[in-house]
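Let's walk through a protein chain together, one piece at a time. Have the sequence and the 3D view ready, and look for each part as we reach it.

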Amino acid sequence: MGRETSPYIVGDFWLDKRRDGKSPDVWQIASYNAETRSISYRSTRCRSLADAKGKITAHFESARARGAQHPTEAKVIPLLFLYWEEHGKSVVSPAQIASSLRCFIGFLDQDPDTGLDLAVADITPNLFVRFRVWRMGPHSYDVPWGGKDYKHTSAKGVRGESVQRNLDDIRAALTHHADNGRIPYAPKVPAVPDQYRSQAKDRVLSMEELGAIVGFARGDIEMLRFVLLILSTAARPEAASQFDPRTQWDEGRKLVDLHPAHWQRTKKVNPILPAIEDMAAILRAWRASNSARVHSKRTAWRTLRRALGLGDEVVAKTIRHTVATYLRTNRVPTDEIETLLGHRVLKKTTGVYAKYDPDYLANAQGVLTTMFREVMAAADVWDAGHVRAKVGNGQTVVMRRDSPEAAAFLASRESEGD
């Protein structure tokens, strides 16, 4: 059977049967290779013509997605699959990205206003409103992915944070293709409104997540100092961003004054604390570098969060909340936790002497040391399994060290003598 007699043709592809007689009942996707002047075949693994039509259409759209397209012709689902192949499966949280893309495809399959043929030009803000309502209510879907059928059922729906994570991944996929010139623009993907989301204080980071944050921050010394200062002292992020070790670190007494000298005293107390030994070494190096303070790290934090696959609810203050939760879980006395967090004001005379008492916050310091070392160990594990790299658009991405993309990146650096 040749192209001229094929029962179905899509672009440069047509359905055919193998000419060597093998698998005579299975439809093949045929295409002409101009370089070899021969016809190549790709099995649809379908005996049904109707099923084979679906396969060849998907194959055609996938091939077309690699080139520049007009928004009215660029189909969203092939772009999502291509994003997964080129980027999603190599990042730190591939399972989460795959889940986000699958559930959006499942939604499109059920949405009466769009369907699976949704084009980039047809994306509207209301589409994502319907997606949020669908996800936050009872729903289910069955989506083919990587040769398997993924079935998911949610009897009660998901929280706003989960929907936001899905939207972040969809936005990243569309932006990826816009950055690579395949579509002229990335459609706006609005965030989930605040009333449908929990406050950041409800989020507690796992040791693995903290380790990933520290591991990633090792590529930015200012960001690393900022993160470690909060981790070791539970400092408020706004105070940590203004920390100057030249004036706020007393090495003789091993005390850290978390209140910037140029700030007025307010009801928000930034206490004086004994530094844990592990942080003291970092503070010495920090002061020796003559670097004043971390300054604003909003952009760096967004980069970190995107690269690690963390949701928008994860902010710098989430580290402070996680530290406080860890202290409570490990039965540190409440008065020590409140003093550490600046929620408890010591009486003037008691406060003066407590700062120099070896037992001042002793329980908290012991648990903080344990937590700090656990996080640093988790960071070492993360470092051993991941690679940071900058892609063509200047964005920093994270790849699993055992992925082909990471191997290619490392090989290119080695060839450049870096």
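At 77% relative accessibility, Arg 45 counts as exposed; here, buried means under 20% relative accessible area, exposed over 50%, and partly exposed in between, with a 1.4 Å probe and protein chains only. You will find Arg 45 in the loop between E4 and H1. Its phi is near 60°, a positive value in a residue other than glycine. Arg 37 also has a positive phi although it is not glycine, with a value near 55°. Arg 37 sits in the loop between E3 and strand E4 (38-43), and at 70% relative accessibility it counts as exposed.

A word on what you are looking at: this is a predicted model, in which local features need pLDDT of at least 70 and side-chain atom pairs count only at pLDDT 80 or more, while totals for chains, interfaces and linings use all residues. Residues are numbered from 1 along each chain as its sequence is written, and side-chain values use heavy atoms, with hydrogens and water left out.

Now step back to the whole chain. The protein chain has 16 helices and 11 strands; these are DSSP runs numbered from the N terminus, helices (H or I) having at least four residues and strands (E) at least two. Along its principal axes, the C-alpha trace spans about 95 × 55 × 35 Å. Of the 418 residues in the protein chain, 46% are buried. Contact means heavy atoms within 4.5 Å, and among the contacts with a separation of 6 or more, 58% are between residues 24 or more positions apart.

Next, follow helix H1. H1 has 17 residues and reaches 24 Å from its first C-alpha to its last, close to the 24 Å expected at 1.5 Å a residue; the expected span is 1.5 Å times one less than the number of residues. Which residues of H1 are buried? They are Ala 52, Ile 56, Phe 60, Glu 61 and Ala 65. These buried residues pack against strand E1 (9-10), strand E2 (13-16), strand E3 (28-33) and H2.

How do two helices meet? Two packed helices are described by the angle between their axes and the distance between the axes. Axes are lines fitted to C-alpha atoms, for helices over the stretch in contact, and angles run from 0 to 180 degrees between N-to-C directions. The axes of H1 (residues 49-65) and H2 (residues 76-86) come within 9 Å and cross at roughly 65°. That makes H1 roughly perpendicular to H2, a label for angles of 65 to 115 degrees. Glu 61, Ser 62 and Ala 65 of H1 make the contact with Pro 78, Leu 79 and Leu 82 of H2.

For another pair, turn to helix H7 (residues 221-233) and helix H10 (residues 277-288), which pack at an angle of about 145° with their axes 11 Å apart. Here Arg 225, Leu 228, Leu 229 and Ser 232 in H7 meet Met 279, Ile 282, Ala 285 and Trp 286 in H10.

Finally, visit helix H4 (residues 125-136), whose 12 residues reach 17 Å from first C-alpha to last, close to the 16 Å expected at 1.5 Å a residue. Leu 127, Phe 128, Arg 130, Phe 131, Arg 132, Trp 134 and Arg 135 are buried in H4. Their cover includes helix H3 (94-110), strand E5 (139-145), strand E6 (148-154) and helix H5 (160-179).

Notes: Angles under 35 degrees count as roughly parallel, over 145 as roughly antiparallel, 65 to 115 as roughly perpendicular and the rest as oblique.
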